[in-house]
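Welcome, and thanks for opening the viewer. Have the selection panel ready, and we will go from stop to stop together.

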2 protein chains.
Amino acid sequence: MFEFQITARNNRARAGVFTTPHGNLLTPVFAPVGTQATVKTLTPEHLKDINASLVLSNTYHLYLRPGDELVRDMGGLHKFMGWHRPMLTDSGGFQVFSLAQTRRIDDDGVTFKSHIDGSTHRFTPEKAIAIQENLGADIIMAFDECSDPNDHAYSKLAMQRTHRWAERSLEAQTRTDQALFGIVQGGVQADLRAESAKFIASLDTPGIAIGGLSVGETKQEMHDTLDIVVPLLPEDKPRYLMGVGTPEDLINGVMRGIDIFDCVLPTRLARHHSAFAPEGRLNLMNATFARDGRPIDETCDCYACKTFTRAYLRHLIVAKELLAGTLISIHNLRALIRLMEEIRTYITDGSFESRAPELMKQWHGNAERTKKVRVDE
Amino acid sequence: MFEFQITARNNRARAGVFTTPHGNLLTPVFAPVGTQATVKTLTPEHLKDINASLVLSNTYHLYLRPGDELVRDMGGLHKFMGWHRPMLTDSGGFQVFSLAQTRRIDDDGVTFKSHIDGSTHRFTPEKAIAIQENLGADIIMAFDECSDPNDHAYSKLAMQRTHRWAERSLEAQTRTDQALFGIVQGGVQADLRAESAKFIASLDTPGIAIGGLSVGETKQEMHDTLDIVVPLLPEDKPRYLMGVGTPEDLINGVMRGIDIFDCVLPTRLARHHSAFAPEGRLNLMNATFARDGRPIDETCDCYACKTFTRAYLRHLIVAKELLAGTLISIHNLRALIRLMEEIRTYITDGSFESRAPELMKQWHGNAERTKKVRVDE
């Protein structure tokens, strides 16, 4: 059911097709984040218009609200949110460790209090899979533990748990129509990352995720980690770099052999009036744009750029009109999806490697890092 | 330029076509309100999808922010907000009297402080027309004064000013591609309403607005006022009942010969989780809807009803996702626009009068009144 066919290569970069029950994913692919079963302020029609192909939703959030059993009873996540293309859910691990309160981790799982109402809950690998089976995404994740990347001892412990939990996650899976990915952990510790890559690769899951990056490490550390991990992964399976990232991160990731990305950055920036533009990231609230009759990006084919001026967007922002967030989200997401389409074309025609420095330069002004939360709140 | 052709009659109800520079309006028509050059949370594409034909925007708000000269310099309101069908602006009078602070009215005009920053401004009939000419809507309004409807002495004074201001507004108009409507005032005072109707009719404007209703008077008073005013207006001009209203108000208005309506009700209700439905207005935050797999209205053809369940909408509301407001706005507006399409069909086939009691009954559960503000905030 989950075939991955590589259609072109450019050194380590690959273009491919990943087959899922809800259609084919053309990789490399960037997934918008729909934390609570909605990409904030956008309808599924908007997502189709910008050619989004994969949407991520968060297991932790949907478990708490509205509840995974409710989603299952309403026909599953695709039907519930009106998105009939491929979906991915994470394992809930990252949010338990970053959002939930007073968690207690043991070898069996994690007990935590909800960030919404303080109620107590427990996730185990078995529970994380049961929830994801109720949600029904096409791609699901093994339960994992994300460590402080610079703490070798803790990273080792978390990695070892992650490995046992990956085995238990696989054991717990009952549905055959969901691709369960194992997650490589190990902080920024070279030895741990190599060990983790080999272990997760040995589980023979239909794809492999790389977790625990973009959590505060340097760009160099992220690249070094990818340079260790990716060569140890099987060639014929898709690789998913979780929670990454900026336009530069995407270019760097593809160069290092990554196929799937997700990040809240474009939509979160949009709700804070910040738009990807050729001259760098624009804060559209700025008075300089009051009479700017140009679209955000003259080369962009999105609805916002084809219809509205910077002056209008600035007016909406100043007047506190929510439509501003919708329109800038459309643009920012389209910008990254268009970047991925462009990269895919270059990989296919063999020019990606030679064009990468120019692409990187072009996107440099949009590249600064933001704090990682991996949910869009 | 502004022809009004009546295509069918059912007693006092009429179906017609009003020709404007941005296309024909099929009447009776309900106009969504886009206070600040946007119908809150909706794109122009959404408005086209629900077959909206006329959008109202508020002169007072756009004058203050972003400024009518800016809108003019950006190509006018249609281009600025990406809405290329007919538009209507009000005179700013109602908002000066209801929203602005510390206003001083004299026979020449009104001095007021902005509700945004307390700055001092002055509207006169000449100024109101100059602003509306900068904005560039297809239908514009003479400057008027809205009184306490039950105060005969004040209503008389306000009406007399409104008449003088209507003459000055007409005198001030320089553009020929905007239909300037005079406004009938007079509170709920029968003698004043009759006097005002005759006076405004005598000005021979291309359409006539009825102001000062739905401001706290009873339904009976509103109907009585329409029964006095409408028969005194020319048959061959469109009649616009400002800021009205509920579904029942629309049915009652059409029965009394009204052609154009606008109201913030559908979009404001939507942002407060309230949806028009066959069984009456639904508060979709209610726990009863948690597992309700039905759309808001099974008979509705809008995107929200064709795509999403009440359970999903409730989830969005509980999770504080702004998409809820967007989707319910789409539905509520479509419900009223569909009601008007239905009424138009019935007028055309001669069945409106006989069907009106049934229509009224059908909409009764959605009919309660809300406080009139006539801006969507």
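Let us begin with a question: does B:E342 count as buried, exposed or partly exposed, and how many C-beta neighbours does B:E342 have inside 10 Å? Keep in mind on the way that this is a predicted model.

**First stop: one glutamate.** Select B:E342 and colour the helix around it; you are in helix 14 of chain B, which covers residues 323-349. The answer to the opening question is that B:E342 has 13 C-beta neighbours inside 10 Å, so it counts as partly exposed; the buried class would need 20 or more, and the exposed class 12 or fewer.

**Second stop: both chains.** Zoom out and show chains A and B.

**Third stop: the contact.** Select the residues where the chains meet: 31 come from chain A and 31 from chain B. On the side of chain A that touches chain B, the elements giving two or more residues are helix 3 (68-73), helix 4 (77-81), helix 13 (310-318) and helix 14 (323-349) of chain A. Helix 13 of chain A gives the most, with five residues. Finally, colour this side of chain A by residue class: you will find 15 nonpolar, 10 polar and six charged residues.

Note on methods:
Residues numbered from 1 in each chain as written. Chains lettered and ligands numbered in written order. Predicted model: local features only at pLDDT ≥ 70, side-chain atom pairs only at ≥ 80, totals over all residues. Contact = placed C-beta atoms within 7 Å. Helix = DSSP H or I, 4+ residues; strand = E, 2+ residues; numbered from the N terminus. Nonpolar A, V, L, I, M, F, W, Y, C, P; charged D, E, K, R; others polar.
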